[in-house]
Amino acid sequence: MRSFFRSSSPFRLSLFRMLVSYLILGFWAFLILFPLYWLFITAFKLPAAVNNGPFYIPFVDFQPSLHAWEYVLVEIGNDTVRLFTNTVGVSLISASLALVVGSGAAYALTRFQYRPKVGTVLVFLGCVLLAVVFTVLGVPWPLAVAVAIALFILSLFTIARRFKRALSNNDIAFWLISQRILPPVAVVIPIYVVFQQLRLLDTWVALIITYVATNLPIVVWLMRDYFASIPYELEESAQIDGASRFRIFNQIVLPLSLPGLVATFLFVLVFCWNEYLLALFLTNARAQTMPLAVVAQNATRGPQWWYMSVLVLIMIVPVIAMAIALERYIARGLLVGAVKG
Amino acid sequence: MMATITSTVSVPTTRMRISRSEQLAPAAFILPAVLVVLFISIFPLILSLFLSLSRLRFQAGGLELQFVGLDNYRKLLLGNEQKVLFGVLDTPSPIGWVILTLVVVLLVVMIYRALRQRVSVGALVGRLFAAAVLVGLTYLIVATLLAPEGRPGTLVVTLLYVAVGVACQYLIGLGLALLCAQPLPGRRFFRVVFLLPMMITPVGVGYLFRMLADTNKGPLEPLWIALGMQDFAWSNNAWGARIAVMIGDIWQWTPFMFIVLLAAIEAQETEPVEAAIVDGASSFDIFRYITLPAILPVSTTLILIRMIEAFKIIDLPNILTSGGPGTATETLTLYAYRIWRALDIGGSAAIAYILLFLVTFIATLYVRALRSRLGTT
């Protein structure tokens, strides 16, 4: 009797349900893999094999050729390697920094209560506005910034105190996410001007700062939910045992939210890896990244599909490798048993 | 951020005093993020506002910015660019009128309920304003999409992409995540495969879909012929082109929903689910009463983030259709980009600001509605 119950345990899936699941999953997998298969074989096609109609199977329909690979990896090989190194370096550093800074802020927004005064915010905005107007009117920007900072500190202790209303954590979070609303087209010129003044154009630093700032809101919002779902009892007991905030964060909260951290890291990495418009403006030679190379293949003779396919393939292979490596961390049940006793 | 910071945590009385680092902890956790975002966002925000109020002029010896007040906005909202932004309006069809009436009735009921609850004057004005904007938007949608002679402008097209795209991505992503969370052999394969579209650079996805959608040389050519549509050029048909853009968008961004929802489902505690299975609950009940509440906070965040991103859609319509035929697939961001390349920097910044107002309005409404519904976030 007992063995009978074990084999048909309620935790097992019925055969029918398994079949349906596989059917749906397989269908969607096909929808995803077929375009990628097309990309893959296009990378091995001669221009004629692309332009004369659809050919599906290598060696049967068309003779594969390595010409596109040769062009990308040998003829312009030096460029490709440089662009690739830039992409890897910039996006790994940006994603890691955004994760560290962002998860700290996300944790803070779920565990502490902030009450920034409306007056402080208004005074700050006024001073920034003043600095910008001065700069536009021809005052050198370091001077304008210095004056604005002085004014800010001065009014902080005078005017700002008169306002009683305060904002809450939700307002801070909303402010953060609202920074992603303006489209890159609108912000790219001002950002360009900032980095031009700082003499950081065409460097990794410019790209990293921009990417960290643009992706921070996403990290904060995604991690906030994960941190909120972690039972607070754990932290309380650690606190009673005398652990500091930083230690609780590092040794209890972060390990418990590993699935969320991994997923978030993966996104931010992918966003930085694939970002096009900001990279187009902030770099011109040394710090260029791969998406620029893909678009550059849309030459005057029309899109060079074969080169483009090779470049896209080169771009996705490392990210896929990383996704496979990190996927197992998004695993079930990390919280199980943590709050017992 | 000179803020009074109080910790929600009641400090255990057994400890004599809080150490200095503990006092600084709240500031130390949040300040780096606030400063970085401030550094990169505040200046662009103000400068593009300034740009949107001026016009770029070519003078002898370089460029000059001329202050023109609200001219750029007037041109867009009332002047000769109005047809591009708002489209061509016409008397709505009967279905259109029904939808419009329903929305108006719904909003009137909500305002009436707010009056009954005696909310403050400020809150009431806010609600009236929101209701007015919503009615306006609904009328715009109805008079362009559900009217015989109407033609949607970039604003309505953008709203359409956002609504259809985000809804489909969420539902497909949720379905796939639920399936992948089951103990199926080989599910790791599916998980990695489902992530792939997100890994491709958006411009690359644009070119990939242009290859696929080619009715002469693309892989779907036999399918087109089988359907007798080899002469049908989707790129010359407004709805054909729009659907192509939406399919590309859904293909590309479903993985985003999928992976976050999967991580959320996997992170939920297994004990309630196991207990429910032992008690004989059906899978639907488990989803409805255990899984759904657990992933609801993540879902609301996810939809908000994806919505904000979706409003900025540019690469797909730009590469796939160049906004065409005419401006049928053009989105607000693409529109801004197009006139920006024509060196109308001021007009471009004005569109960006209109987008900023629109998205801020919708996002605020969304967050407020959730706050009152869920009581949190």
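User: Which residues make up helix 13 of chain A, and what is its reach from first C-alpha to last?
Analyst: This is a predicted model. In it, helix 13 of chain A covers residues 258–274, which is 17 residues. The reach from the first C-alpha to the last is 24 Å, close to the 24 Å expected at 1.5 Å a residue.

User: How many of the 17 residues of helix 13 of chain A are buried?
Analyst: The count is 16 of the 17, so helix 13 of chain A is largely enclosed by the rest of the structure.

User: At what angle do helix 10 and helix 13 of chain A pack, and how far apart are their axes?
Analyst: Helix 10 of chain A, residues 204–228, packs against helix 13 of chain A at an angle of about 160°, and the axes are 10 Å apart. That angle makes the two helices of chain A roughly antiparallel, since the term applies to angles over 145 degrees.

User: Is that crossing left-handed or right-handed?
Analyst: Helix 10 of chain A passes helix 13 of chain A in a right-handed crossing.

User: Which residues make the contact?
Analyst: Helix 10 of chain A contributes A:Y211, A:N215, A:I218, A:V219, A:L222, A:M223 and A:Y226. From helix 13 of chain A come A:G260, A:L261, A:T264, A:F267, A:V268, A:F271 and A:C272. By class, this contact of helix 10 with helix 13 of chain A has 11 nonpolar, 3 polar and no charged residues.

User: Turning to chain B, at what angle do helix 6 and helix 10 of chain B cross?
Analyst: Helix 6 of chain B and helix 10 of chain B, the latter being residues 238–267, cross at roughly 40°, and their axes come within 6 Å. The two helices of chain B are therefore oblique to each other. Helix 6 of chain B passes helix 10 of chain B in a right-handed crossing. The residues of their contact divide into 23 nonpolar, 4 polar and 2 charged.

User: Where is B:A163 found?
Analyst: B:A163 is found in helix 6 of chain B, which spans residues 154–180. With 48% relative accessibility, B:A163 counts as partly exposed.

User: How far is B:A163 from B:A310, in sequence and in space?
Analyst: B:A163 and B:A310 are 147 residues apart in sequence, and their C-alpha atoms are 8.9 Å apart in space.

User: What about B:F194: buried or exposed?
Analyst: B:F194 is buried, with a relative accessible area of 1%. This residue lies in helix 7 of chain B, residues 187–199.

User: Which residues is B:F194 in contact with, leaving aside its neighbours within four places in sequence?
Analyst: In chain A, B:F194 is in contact with A:L25, A:W28, A:A29 and A:I32. In chain B, the contacts of B:F194 are B:L176, B:C180, B:P255 and B:F258. As for B:L223, which is 29 residues from B:F194 along the chain, the two C-alpha atoms are separated by 25 Å.

User: Back to chain A. What is phi for A:F59 and for A:D202?
Analyst: A:F59 has a positive phi of about 70° although it is not a glycine. A:D202, also a residue other than glycine, has a positive phi near 60°.

User: Where does each of them lie, A:F59 and A:D202?
Analyst: A:F59 lies in the loop between helix 3 (47–51) and helix 4 (67–75) of chain A. A:D202 is in the loop between helix 9 (184–197) and helix 10 of chain A.

User: And is A:F59 buried or exposed?
Analyst: A:F59 is exposed, with a relative accessible area of 61%, whereas A:D202 counts as buried at 7% relative accessibility.

Conventions:
Residues numbered from 1 in each chain as written. Chains lettered and ligands numbered in written order. Predicted model: local features only at pLDDT ≥ 70, side-chain atom pairs only at ≥ 80, totals over all residues. Heavy atoms only, no water. Helix = DSSP H or I, 4+ residues; strand = E, 2+ residues; numbered from the N terminus. Expected span 1.5 Å × (residues − 1). Buried < 20%, exposed > 50% of the residue type's maximum accessible area, 1.4 Å probe, protein only. Axes fitted to C-alpha atoms, helices over the stretch in contact; angles between N-to-C directions. Parallel < 35°, antiparallel > 145°, perpendicular 65-115°, else oblique. Left-handed = near helix turned anticlockwise from the far one by under 90°. Contact = heavy atoms within 4.5 Å. Nonpolar A, V, L, I, M, F, W, Y, C, P; charged D, E, K, R; others polar.
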